[in-house]
Amino acid sequence: MKFVNSALFFLAATTATAFVPAPQVGVRAPAAPSNFELEAKKSIEDLSDDELKGKKVLVRCDVNVPLDGKKITDDTRIRASIPTIEYLKGKGAIVTVCSHLGRPDGPEDKFSLGPAAERMGELLGEDVKLAPDCIGEEVKAMVDGAKEGDVIMLENTRFYKEETKNEESFVEKFAAPFDLFVNDAFGTAHRAHASTEGVTKFLSPAVSGFLLAKELEYLDGAISNGEKPMAAIVGGSKVSSKITVLEALLEKCDKIIIGGGMVFTFLKAKGLNVGTSLVEDDFVDTAKAVLEKADKLGKTILLPSDIIIADEFSADAN
């Protein structure tokens with residue numbers, strides 16, 4: 001078997017829609033998309049002091065942390081967001097952090113970002129106020145009343161189904177209090193949600209934070225300068241959210257190793273029985289097309305060959 005010198009783990013690679021070039025601040029009209037390479041290079045360090053001082057900055061972080069009740073068991077993601085927030089504070093910006101947590105079905109106290117706001121405040125050494133919502137007049141009043149260097153955290157964006165659906169009317173309300181947008185959530189940058197992609201159509205400039213810029217620089221270098229042959233490992237539950245990534249990786253990599261729930265859509269595409277496993281039936285044909293493209297390009301897609309079959313999803317299943 002041919003030895004694979006380089007293996008890359010791709011959390012996401014479809015961040016092109018997460019940024020738009022922006023010569024002005026506070027534009028309230030849809031902004032045109034731009035070349036990915038140019039957008040990826042535009043970060044908060046590319047903005048002048050005048051573009052940040054006194055501006056109301058919406059920062060998309062990833063504070064989707066594990067919780068035991070209301071206790072955070074791993075604050076790594078919150079810690080990772082601190083450098084960008086401190087930089088913006090130091091430039092005199094009014095910082096408002098937004099994020100999702102879990103998969104709530106409407107507003108649920110157990111998915112409140114209260115613990116995340118409290119922990120972020122501890123790390124910053126100041127109070128981080130939690131807004132009662134992520135849209136609405138109360139949020140606007142909090143942002144308008146904040147002073148330079150203040151940090152606010154909006155309540156869980158996924159309390160609204162419109163967040164994941166990226167509904168324009170919701171996005172407009174969400175973006176309304178702010179002047180510009182910073183995306184620092186690499187793990188969710190591939191999702192075309194209201195708080196990641198939608199806001200870029202209403203807020204300008206829209207740039208990356210330090211964490212996202214670092215990840216993009218690393219990935220770009222690994223793909224452009226990585227040793228050959230190269231393999232990519234792609235996981236996740238949905239083919240639908242990874243199809244752009246898969247098609248792009250087929251052009252760059254020699255092997256693609258697929259894991260996670262999306263495996264079963266590919267296995268079904270190959271004609272195998274997958275029982276009641278997670279399958280996106282609408283994307284079986286898409287999976288077939290990816291497999292066919294790999295064959296035409298002489299690339300290899302590796303799927304699991306050792307899958308345990310059980311009569312139910314539980315620890316004591318047969």
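How many helices and strands does the chain have? Color by secondary structure and count 11 helices and 12 strands. Keep in mind that this is a predicted model. The chain has 318 residues, and 47% of them count as buried. Take contacts between residues at least 6 apart in sequence: 74% of these join residues at least 24 apart.

**Stop 1: helices α3 and α4**

Select residues 76–90 for α3 and residues 114–124 for α4. The two helices pack at an angle of about 60°, with their axes 10 Å apart. That angle makes α3 oblique to α4. The crossing of α3 past α4 is right-handed.

Now show side chains. From α3, pick Ile 78, Arg 79, Ser 81, Ile 82, Ile 85 and Glu 86. They meet Ala 116, Arg 119, Met 120, Leu 123 and Leu 124 of α4. By class, this contact holds 7 nonpolar residues, 1 polar and 3 charged.

**Stop 2: what covers α4**

Stay with α4. Which of its residues are buried? Select Pro 115, Ala 116, Ala 117, Met 120, Gly 121 and Leu 124. Then bring up their cover, which includes β3 (67–68), β4 (71–72), α3, β5, β6 (129–130) and β7. Step just past the end of α4 to Gly 125, where phi is positive, about 75°.

**Stop 3: the nonpolar cores**

Where is the largest nonpolar core? Start from Ile 85, Leu 88, Val 95, Val 97, Met 120 and Met 153, the residues with the most contacts inside it. The core has 28 residues. Elements giving two or more residues to this core are β2 (56–60), α3, β5 (94–98), α4, β7 (151–153) and β8 (180–183).

Center on Val 95. Which residues does Val 95 contact, leaving aside neighbours within four places in sequence? Look for Val 57 and Val 59, then Ile 85, Leu 88 and Lys 89. Asp 150, Val 151 and Ile 152 complete the list.

There is also a second, separate core of 27 residues. Select Val 263, Phe 264, Leu 267 and Val 274, which are among its members.

**Stop 4: helices α9 and α11**

Select residues 243–252 for α9 and residues 284–297 for α11. How are these two helices set against each other? The angle is about 5°, and the axes are 10 Å apart. That makes α9 roughly parallel to α11.

Show Ile 243, Glu 247, Leu 250 and Glu 251 on α9. Sorted by class, the contact has 5 nonpolar, 1 polar and 3 charged residues.

Zoom in on Glu 251, in helix α9. Setting aside residues up to four places away in sequence, Glu 251 touches Lys 293, Leu 297 and Lys 299. Draw a line between the C-alpha atoms of Glu 251 and Lys 299: the separation is 8.9 Å. Along the chain, these two residues are 48 apart.

**Stop 5: two cis peptide bonds**

Select Ser 204 and Pro 205. The bond joining them is cis, with omega about 5°. Pro 205 sits in the loop between β8 and β9 (206–208).

Next, go to Lys 228 and Pro 229. The peptide bond from Lys 228 to Pro 229 is also cis, and omega is near 0°. Find Pro 229 in the loop between α8 (210–225) and β10 (230–234).

**Stop 6: two loop residues**

Select Asn 166, in the loop between α6 (161–165) and α7 (168–175). Is Asn 166 buried or exposed? Asn 166 is buried, with a relative accessible area of 18%.

Finish at Ser 43, in the loop between α1 (36–41) and α2 (49–52). Ser 43 counts as buried, at 8% relative accessibility. What does Ser 43 touch, not counting residues up to four places away in sequence? Select Val 207, Ser 208 and Ala 213 to see its partners.

Key
Residues are numbered from 1 along each chain as its sequence is written. This is a predicted model: local features need pLDDT of at least 70, side-chain atom pairs count only at pLDDT 80 or more; totals for chains, interfaces and linings use all residues. Side-chain values use heavy atoms; hydrogens and water are left out. Axes are lines fitted to C-alpha atoms, for helices over the stretch in contact, and angles run from 0 to 180 degrees between N-to-C directions. Helices (H or I, at least four residues) and strands (E, at least two) are DSSP runs, numbered from the N terminus. Angles under 35 degrees count as roughly parallel, over 145 as roughly antiparallel, 65 to 115 as roughly perpendicular and the rest as oblique. A crossing is left-handed if the near helix is turned anticlockwise from the far one by less than a right angle, and right-handed if clockwise. Contact means heavy atoms within 4.5 Å. Ala, Val, Leu, Ile, Met, Phe, Trp, Tyr, Cys and Pro count as nonpolar, Asp, Glu, Lys and Arg as charged, and the others, Gly among them, as polar. A nonpolar core is a set of buried Ala, Val, Leu, Ile, Met, Phe, Trp, Tyr and Cys residues joined through side-chain atoms within 4.5 Å. Buried means under 20% relative accessible area, exposed over 50%, partly exposed in between (1.4 Å probe, protein chains only).
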